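Hi,

Here is the structure I promised to pass along. Please open it beside this note as you read.

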Amino acid sequence: MVHVKIGVNAWSYPSTVNVHDAIKHAKNVGFELFEPVVDEEDLNSLNSPDFSRKWGSIRESAEGVGIGIHTIATGLYWRFNMILEDHFEKVSRVLEAEAKAANIIGAKVLLVVPGVAVPELSYEEHIKRAKEALVKLAKVAEDYGVVIGVENVWNRIFASPLDMVNLLSGLDPKVVGAYLDVGNTLPHSLPEHWIMALKDRIVAMHAKDFLAEPSRCTFGIPLTGSVNWSNIRKLLSEIGYGGPLTAEIPPYPGDPLKAVEDTASSLRRIFG
């Protein structure tokens, strides 16, 4: 059995919990990794001492409690769409912010959303533009010595594992890979098929569940939805995946920490 490294994303905590307290809590409940998030404040301070101070303090907090940081996420690619040519300058700046933060804290993989679908462009044009953008972004990532992890998200493109394989084909696997979110594959496809198709192109993973019922479709903590986690564990072992598996789950409305605690328990039960 390959040992995956269990982590938790900063979004799993409400905004009332600061990143330093989240890091301490994540370590206390048994997570091995923590995934911080680049936000718009980081874009505005990218070339100022404030950027280095912020990310240096995050590194100090993580090192102080003994938790690793392997990946960095951001939601800014939803706002700045790599499919649109007039957005690319901002997209490149977002990647630079992720890469610079990664260098400060010692992370290796940057989460990247491969565009958001627009009705004015054909599906084929979306794929073409996303690949062209990733070729350019890969040069930035390579300069910083980090890896782009292209995530499957509900962006109305790349909903099939074969689409993702197509997007990644021809790109340097040492610089651009897949950031697989098993919960995001549902309800339009199965996470098992994504793992089988992508295999060693998977550089990082998000872990959440998805409940698909006629009256209710919601994300949730592992073991509360439709993902077959036994299959996931088996397939990850078969492909030899030993990288980060980071929980990205919504916090409970009534308690800022309990969802993270329940997720840690679920992932330990699944992966041992």
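Below is what I found, starting with the ground rules.

This is a predicted model, so local features need pLDDT of at least 70 and side-chain atom pairs count only at pLDDT 80 or more, while totals for chains, interfaces and linings use all residues. Residues are numbered from 1 along each chain as its sequence is written, and side-chain values use heavy atoms, with hydrogens and water left out.

Let me begin with Glu151, in strand E6 (residues 147-151); strands here are DSSP runs of E, at least two residues, and helices are runs of H or I, at least four, numbered from the N terminus. Glu151 is buried but has no salt bridge. Buried means under 20% relative accessible area with a 1.4 Å probe, protein chains only, and a salt bridge needs a side-chain nitrogen of Lys or Arg within 4 Å of a carboxyl oxygen of Asp or Glu. The nearest side chain of opposite charge is Lys208, 5.1 Å away. Beyond four places in sequence, Glu151 touches residues including Asp181, His206 and Glu248, where contact means heavy atoms within 4.5 Å.

Ala178 sits in strand E7 (residues 176-181) and counts as buried because its relative accessibility is 1%. Leaving aside neighbours within four places in sequence, its contacts include Gly149, Val150 and Leu198. Arg156 is 22 residues from Ala178 in sequence and 17 Å away in space, C-alpha to C-alpha.

Finally, there is a helix pair: Val19, His20, Ile23, Lys24 and Lys27 in H1 meet Ser57, Ile58, Ser61, Ala62 and Val65 in H3.

Happy viewing!

Technical notes: Buried means under 20% relative accessible area, exposed over 50%, partly exposed in between (1.4 Å probe, protein chains only). Lys and Arg count as positive and Asp and Glu as negative; His and the chain ends are not counted.
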